[in-house]
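This briefing goes through a structure by topic. The sequence and coordinates come first, and the notes follow.

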Amino acid sequence: MNICLIGLPGAGKSTLGRRLANSLDRPFVDSDHEIEQRIGCTIREFFEQQGEDAFRDVEEATITELTGRPGPWVLSTGGGSVLRPGTRLRLHDAAHVVYLCVQPAELAQRLRHDRRRPLLQGVDPLERLQALFDERDAFYRETAHTIIQTSDWRLPALVEHLATSLTA
Ligand code: S3P
């Protein structure tokens, strides 16, 4: 079964995804990394030059392509991948989707020095992350098959738990 990780920026999707893929000996793909290969610049630069809508178009096309690849794989997505209904459906159908749920206050603490994420620049991170949570939590829940409150877990135990429960 393919596995996909979703959740807000800073939830740990890439770190967990890489470790999970390693532990299961599967290919790991990070959709943001794939997008940067395609656009030839950083996501922050692309947002500044082309705007968010153009980014969402590339994100949707990239996820369509990635979820069509032969599996089993582990895919980590960007936090906004659930914004488009078609992408939510595609992820839900293509993989066992795990929502890494983290409270905005904890994310703001983790991301307080972030310079990479365009949506967090020049704003109060807590306010923005709270707004993203309010907008997206229902989308993450609708897309997911499993919801994990990551504060209940240490990383190695979570990797082990998912590796065992999703391949049983
Ligand atoms: C975004 C999250 C980012 C990246 C882009 C937009 C978002 O990925 O896709 O900056 O809309 O939440 P991470 O979730 O890995 O930070």
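Is D25 exposed or buried? With a relative accessibility of 73%, D25 counts as exposed, where exposed means over 50% relative accessible area, buried under 20%, and partly exposed in between (1.4 Å probe, protein chains only).

The model is predicted: local features need pLDDT of at least 70, side-chain atom pairs count only at pLDDT 80 or more, and totals for chains, interfaces and linings use all residues. Residues are numbered from 1 along each chain as its sequence is written, and side-chain values use heavy atoms, with hydrogens and water left out.

**Ligand site**

- The ligand is surrounded by 13 residues, of which K13, D32, R56, R117 and R136 are the closest; a residue counts as near if one of its heavy atoms lies within 4 Å of the molecule.
- Sorted by class, this shell holds five nonpolar, three polar and five charged residues. Ala, Val, Leu, Ile, Met, Phe, Trp, Tyr, Cys and Pro count as nonpolar, Asp, Glu, Lys and Arg as charged, and the others, Gly among them, as polar.
- A polar side-chain atom of R117 is 2.5 Å from a ligand oxygen atom. For R56 the corresponding distance is 2.6 Å, and for K13 it is 2.7 Å. A polar contact is a pair of N or O atoms within 3.5 Å; within protein, one must be able to donate a hydrogen and the other to accept it, and residues adjacent in sequence count only if both atoms are side-chain atoms.
- On its own the ligand has 390 Å² of accessible area, and the protein covers 95% of that; accessible areas come from the Shrake-Rupley method with a 1.4 Å probe, and for residues only the protein chains shown count as cover.
- The largest pocket is where the ligand sits, meaning that more than half of its atoms lie within 2 Å of the pocket's grid points. On a 1 Å grid over the protein atoms alone, a pocket is an open set of points with protein on both sides within 12 Å along at least five of seven lines.

**Backbone geometry**

- D25 is in the loop between α1 (13-24) and β2 (28-30); helices (H or I, at least four residues) and strands (E, at least two) are DSSP runs, numbered from the N terminus.
- The phi angle of D25 is near 55°, a positive value in a residue other than glycine.
- The peptide bond from G71 to P72 is cis, with omega near 0°, and P72 belongs to the loop between α4 (52-67) and β3 (74-76).
- Most residues other than glycine have a negative phi, and most peptide bonds are trans.

**Buried polar side chains**

- N2 lies in the segment before β1 (3-6) and is buried, at 15% relative accessible area.
- A polar atom of the N2 side chain lies 3.0 Å from the backbone nitrogen of W73, and one lies 3.0 Å from the backbone oxygen of A94.
- T67, in helix α4, is buried at 10% relative accessibility.
- From a polar side-chain atom of T67, the distance is 2.7 Å to the backbone oxygen of I63 and 3.2 Å to that of T64.

- A138, in helix α7 (residues 125-143), is exposed at 53% relative accessible area.
- L166 is in the segment after α8 (155-165) and counts as buried at 6% relative accessibility. Its C-alpha atom is separated by 9.9 Å from that of T146, 20 residues apart along the chain.

Note on methods: On a 1 Å grid over the protein atoms alone, a cavity is a set of points where a 1.4 Å probe fits but cannot get out, and a pocket is an open set with protein on both sides within 12 Å along at least five of seven lines; lining residues have an atom within 4 Å of a point.
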